Amino acid sequence: MPISALDQMLADVSRQVRDPRVLAAMRKVPRHRFVPIDQRPSAYEDHALPIGNDQTISQPTIVGLMTEAAHLTGEERVLEIGTGSGYQAAVLSHLAREVVTVELVDELRERAAALLTDLGYQNVTVLAADHDLGAPSLGPYDVILVTAAAPAIPPPLIEQLVIGGRIIIPVGTRWSQQLIVATRHAESIEEESLGGCRFVPLLGPHGFKD
Ligand code: SAH
């Protein structure tokens, strides 16, 4: 019997992502619904795809690595910066109590919100980005995922984390980043790198200046 595109995607992801709960969550999300129709034949391939407005849906392996690094138990409130297609938020929603996700581009936000509603996701709130990065009024959060690259960890996001909370964010230059996991302690921030990655840039005051 031929292996399905979804099985092949999970086989690719499981080369780097070991947590069975993360793989099970990714199995539940119909990734083809989150990409434009002309991209559907490639929806389950292990790379990023264009979703319009110069943005991309992240590579499945990267979605898996970021989700695994969040160490979710089902009790957490999670903030995502960069809703994009809504795919990462959908994966998170299977593993967390509540997901708040913020998107700068109205067209993407509206499409993702409608799709997540259509697919029956009830613990995801999609918000428009305003002048504050993130969604401080709904915080603090146990975990923050930033799905766009930044030159440094934006201080306002550290402020939106509980003590002991974790932020997962690509940090580096516009062209290449390290996927950083940082834990907020009472008096310090502990950082580790999960390795190299390449994301579209975070826009706004905490993004790249050039
Ligand atoms: N997580 C997405 C991929 C996101 S691509 C998915 O699963 O499909 C990065 C997204 O971040 C883009 O949609 C971009 O518009 C958005 N973005 C960039 N800067 C932002 C900011 N300051 N606040 C909110 N969203 C931002």
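Two strands are taken to pair if DSSP finds at least two bridges between them; helices (H or I, at least four residues) and strands (E, at least two) are DSSP runs, numbered from the N terminus. The structure is a predicted model, in which local features need pLDDT of at least 70 and side-chain atom pairs count only at pLDDT 80 or more, whereas totals for chains, interfaces and linings use all residues. Residues are numbered from 1 along each chain as its sequence is written, and side-chain values use heavy atoms, with hydrogens and water left out.

In strand E8, Leu 179 is the bridge partner of Pro 170. Strands E7 (residues 161–172) and E8 (residues 177–184) are joined by seven bridges in the antiparallel sense. Both belong to an open sheet of seven strands with mixed pairing, ordered E5-E4-E3-E6-E7-E8-E9. Strand E5 (124–128) and strand E9 (189–197) form the edges, each pairing on one side only. Between neighbouring strands of this sheet the average turn is 15 degrees, direction ignored; axes are lines fitted to C-alpha atoms, for helices over the stretch in contact, and angles run from 0 to 180 degrees between N-to-C directions.

Two helices pack on the sheet, contact being defined as heavy atoms within 4.5 Å. Helix H3 (residues 60–69) touches strand E6 (141–146), E7, E8 and E9, and its direction makes about 155 degrees with that of E7. Helix H5 (residues 106–118) touches strand E4 (98–103) and E5, with an angle of about 165 degrees to the direction of E5.

Polar contacts are pairs of N or O atoms within 3.5 Å. A polar side-chain atom of Glu 80 lies 2.9 Å from a nitrogen atom of the ligand, and a polar backbone atom of Gly 82 is 3.0 Å from a ligand nitrogen atom. For Glu 103, a polar side-chain atom is 2.5 Å from an oxygen atom of the ligand. On its own the ligand has 580 Å² of accessible area, of which the protein covers 98% (Shrake-Rupley method, 1.4 Å probe).

Backbone geometry was also examined. A cis peptide bond, with omega of about 0 degrees, joins Gly 139 and Pro 140; Pro 140 is placed in the loop between E5 and E6. Asn 53, although not a glycine, has a positive phi of about 55 degrees and is located in the loop between strand E1 (49–52) and strand E2 (55–57).

Definitions and conventions: Polar contact = N/O pair within 3.5 Å; in protein donor to acceptor, adjacent residues only side chain to side chain.
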